[in-house]
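Colleague: Let us go through this model together. I will ask, you answer.

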Amino acid sequence: MLAKRVIPCLDVTAGRVVKGVNFVALRDAGDPIEIAKRYDEQGADELTFLDITASSDGRDVILHVIEEVAAQVFIPLTVGGGVRKVEDVRRLLNAGADKVSINTSAVQNPDLVAEASGRYGSQCIVVAIDAKRANSAPVGRNTDNVGSAGSVSSGWEVFTHGGRKATGIDALAWARKMQEYGAGEILLTSMDRDGTREGFDLELTRLISDSVDIPVIASGGVGGLDHLARGILAGHADAVLAASIFHFGEFTVRQAKEYMAARGIEVRL
Amino acid sequence: MRVAVIDYGMGNLRSVSKALEHVAPRAEVLVTSDAGIIASADRVVFPGQGAMPDCMREVDARNLRPAILDAARERPFLGICIGLQMLFEFSEEGNTSGLGLFPGQVRRFSGPAADAGVMGRLKVPHMGWNRVQQRGAHPLWSGIEDAARFYFVHSFFAQPSSEEIVTGETEYGICFTCAVARDNIFAVQFHPEKSQSSGLRLLANFISWNP
């Protein structure tokens, strides 16, 4: 049977892995190559690198990181952050990424997803969706690029720019649209839960996962091993992504998978 | 030893070449679309990503079909993913003719989101780590336990019309052929270059294989 995947996420800036709460108060978690090797040894099913470098001149750093990791770690590598053009996708794939994650640019230009998946295959295009419960959306939302006339009928709205910008786009409609445009997978992050350690937004995860035919990775809010299991069992996710519980030595990836196996979840041990 | 990784412009071959370099540090691994280099290689790897119609078109646009068929006749030859699918006669994906080295067709997982029973819906693509049941002994399975997990990512699978070539099977809603072998050819639907220790072992076995 196909195993549910456990994916450690490495936020990388200036060649270091960092982790913060809602993109502030960043803590240094170490060298990305060392961390990637450690997670590989612990049985991680894939690794996701998010380039959170703010300035474009620092972008090449992630390419070197990926090149080094890809020469030593032989599991799938996903890279996201700052992907704006098909050329960015090409450079990341050539550096050794197996999949490229597109977030803000997909909202600004959905054709980028179609073009990139048409050229390199759906299997390497992940669309990352940052979603927030509509009733908790901040006032003064940006209405420049409202896609669906501000009607967020599913109850979750898509945010871009690292969760700072509301779009008025319904998260469920968006996930379906991205599947049509050729996304091979969806990385779904709950903005409400990200960094809280309260667990995934299970309602959101289940809604999206049950409504699309492509795999969904749950993200945002993991504070313990039970959250990972619940993401699969109650959220119906195909894979679970977490960062801080692994980075600071609380749990190993293997402990996470052993816990999930004990809960009856098929994992690769 | 010279190992040619056939490059016909579809997708990223760096993962494949890096993994081969890792298991065969003294081999010369060449990612190439040059028929002459393919002809001179001791071993040939035929990978593939994306859609089969595009892959076949690009193979022919580079006039690589004769070099591929030559290599598949006489030298250790490893097909990966679409590189397995293209060895068959026909694919449902875009109703494409393949190279016809193996009898059978390539079909899509019945979907969308067909019922997969206990674990709920069947997502397509089939993406992630699944078990490979070995069908009979083969030098490329050496040192790899039966039902070991390998990394898959695909929406189509081969359905050989000859049972004899089936050397590995995987369950995903149905039981499908994930590895085929005949003489000097071995081909897999999964990605050994992304399947950690089991995948590296399979590549190492390919490097030392003398069919």
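Colleague: How many helices and strands does chain B have?
Modeller: This is a predicted model, where local features need pLDDT of at least 70, side-chain atom pairs count only at pLDDT 80 or more, and totals for chains, interfaces and linings use all residues. Residues are numbered from 1 along each chain as written, chains are lettered from A, and side-chain values use heavy atoms, without hydrogens and water. Helices are DSSP runs of H or I, at least four residues; strands are E runs of at least two, both numbered from the N terminus. For chain B that gives six helices and 13 strands.

Colleague: What is the radius of gyration of chain B?
Modeller: The radius is taken over C-alpha atoms, and the globule rule is 2.2 Å times the number of residues to the power 0.38. For 211 residues the rule gives 17 Å, and chain B comes close to that, so it is as compact as a globular protein of that length. Its radius of gyration is 16 Å.

Colleague: What share of the residues of chain B is buried?
Modeller: Buried means under 20% relative accessible area (1.4 Å probe, protein chains only). Of the 211 residues, the buried share is 60%.

Colleague: At what angle do helix 3 and helix 5 of chain A pack?
Modeller: Helix 3 covers residues 86-95 of chain A and helix 5 covers residues 111-120 of chain A. Axes are lines fitted to C-alpha atoms over the stretch in contact, with angles from 0 to 180 degrees between N-to-C directions. The axes are 9 Å apart, and the angle is about 40 degrees.

Definitions and conventions. Buried means under 20% relative accessible area, exposed over 50%, partly exposed in between (1.4 Å probe, protein chains only).
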